[in-house]
Amino acid sequence: MSTANAFTRSTAQRELYGSGARLATRTRALHRAKTSGRPVADVIAELAAAHLPTASGTVVADIGCGRGTTSRVLTERLRPRCLLAVDASAAMITDARARITGDAPIVYLQADFHRLPLTGAACDLVVAAFCLYHSRDPRSVVAELARVLRPGGLAALVTKSADSYQALDHLVAGAGLDPDALERPSLYSTAHSGNLPTLLPPSLRTVHLEHERHTFDFTDLGHVAAYLATTPKYELPPGLAGDPDAITSRLRARLPDGPVHAASTVTYLLARREDTT
């Protein structure tokens with residue numbers, strides 16, 4: 001059994017982000033199940049506005065922008081002079097372009113977040129939401145975010161707890177779909193709620209840290225299967241991976257159908273770049 005976080009494996013990343021469809025399906029399944037927890041993009045925008053001296057006229061970078069949800073909200077709420085939407089996946093950049101409409105001043109960049117194509121001190125705000133755990137060395141990513149921040153600039157880092165959706169591990173193992181599900185490393189093992197503050201370099205000082213519990217009620221096993229078909233965490237039997245109908249049939253053959261409850265903690269950390277001159 002691999003001991004690596006599946007999110008850090010290049011093969012899994014290509015499968016997940018080679019097109020926008022898989023991420024969109026996964027997001028829809030979670031949003032349909034969600035019963036508590038504020039919209040993450042809204043919280044990021046509110047926190048940034050509260051801690052930035054002025055939001056308008058700024059340069060904002062949304063690192064790991066994905067399909068552009070947070071980029072769109074930041075543009076609408078903060079009205080920056082320019083927003084840089086950055087992602088390693090060409091497909092995510094394409095989706096973000098299509099989903100963000102209007103005359104917003106956005107520059108789209110396909111780039112590795114370990115080596116951003118930006119000069120030092122170029123940004124007033126950098127956002128890294130739900131992406132740091134895709135790196136085997138997230139400290140180097142946060143150091144790169146600090147490099148591109150001007151003195152006094154703000155980094156907004158968002159991640160999930162290591163035990164997120166653990167109830168699904170029990171369900172998958174109990175149904176015999178992946179007997180090792182409970183032993184597999186968390187998808188968030190490299191950058192999670194418990195270690196996020198320790199990832200900061202000396203040049204970044206924490207100014208805000210909060211944890212919020214998000215809860216999810218999947219309506220039935222078919223709803224759970226829609227999510228399981230999009231996650232790389234489990235090693236499912238041949239013919240099941242990526243097939244929600246086949247997963248549903250196997251689950252219903254092994255378990256009583258009905259609602260499934262899961263939970264995740266979302267952590268928000270805001271850190272200010274110290275003036276090191």
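Modeller: This is a predicted model. The largest nonpolar core has 66 residues, and those that touch the most other members are C123, L157, F218, L228, I247 and L251. Helix α8, residues 221–228, gives the most to this core, with 6 residues. In soluble globular proteins, nonpolar side chains tend to be buried together.

Side chains of opposite charge can pair when their charged atoms come close. The structure holds 11 salt bridges. In one of them, R150 and D124 meet at 2.3 Å, N to O. R150 lies in strand β6 (residues 149–160) and D124 in strand β5 (residues 123–129), so this bridge ties together parts that are 26 residues apart in sequence. D124 counts as buried because its relative accessibility is 13%, under the 20% cut-off. R150, at 24%, counts as partly exposed.

Another bridge joins E212 and R38, with their closest N and O atoms 2.8 Å apart. This pair links distant parts of the chain, 174 residues apart: E212 is in strand β7 (residues 204–218), and R38 is in the loop between β1 (34–36) and α3 (40–51). E212 counts as buried at 15% relative accessibility, whereas R38 counts as partly exposed at 33%. R38, E210 and E212 are linked in a network of salt bridges.

The largest pocket has a volume of about 1300 Å³. It is lined by 48 residues, of which L23, G64, G66, A129 and F130 are the closest to its centre. Helix α2, residues 20–33, gives the most to this lining, with 5 residues. By class, the lining of the largest pocket has 22 nonpolar, 17 polar and 9 charged residues.

The second largest pocket has a volume of about 250 Å³. Of the 14 residues that line this pocket, E15, R22, T231, P232 and Y234 lie nearest its centre. Helix α1 (residues 10–17) supplies the largest share of the lining of the second largest pocket, 3 residues. That lining divides into 7 nonpolar, 3 polar and 4 charged residues.

Terms used. Residues numbered from 1 in each chain as written. Predicted model: local features only at pLDDT ≥ 70, side-chain atom pairs only at ≥ 80, totals over all residues. Heavy atoms only, no water. Core = buried A, V, L, I, M, F, W, Y, C linked by side-chain atoms within 4.5 Å. Buried < 20%, exposed > 50% of the residue type's maximum accessible area, 1.4 Å probe, protein only. Helix = DSSP H or I, 4+ residues; strand = E, 2+ residues; numbered from the N terminus. 1 Å grid on protein atoms, 1.4 Å probe; cavity = no way out; pocket = protein on both sides within 12 Å on 5 of 7 lines; lining within 4 Å. Points joined across faces, edges and corners; volume = space filled by probe spheres on them. Nonpolar A, V, L, I, M, F, W, Y, C, P; charged D, E, K, R; others polar. Salt bridge = Lys/Arg side-chain N within 4 Å of Asp/Glu carboxyl O.
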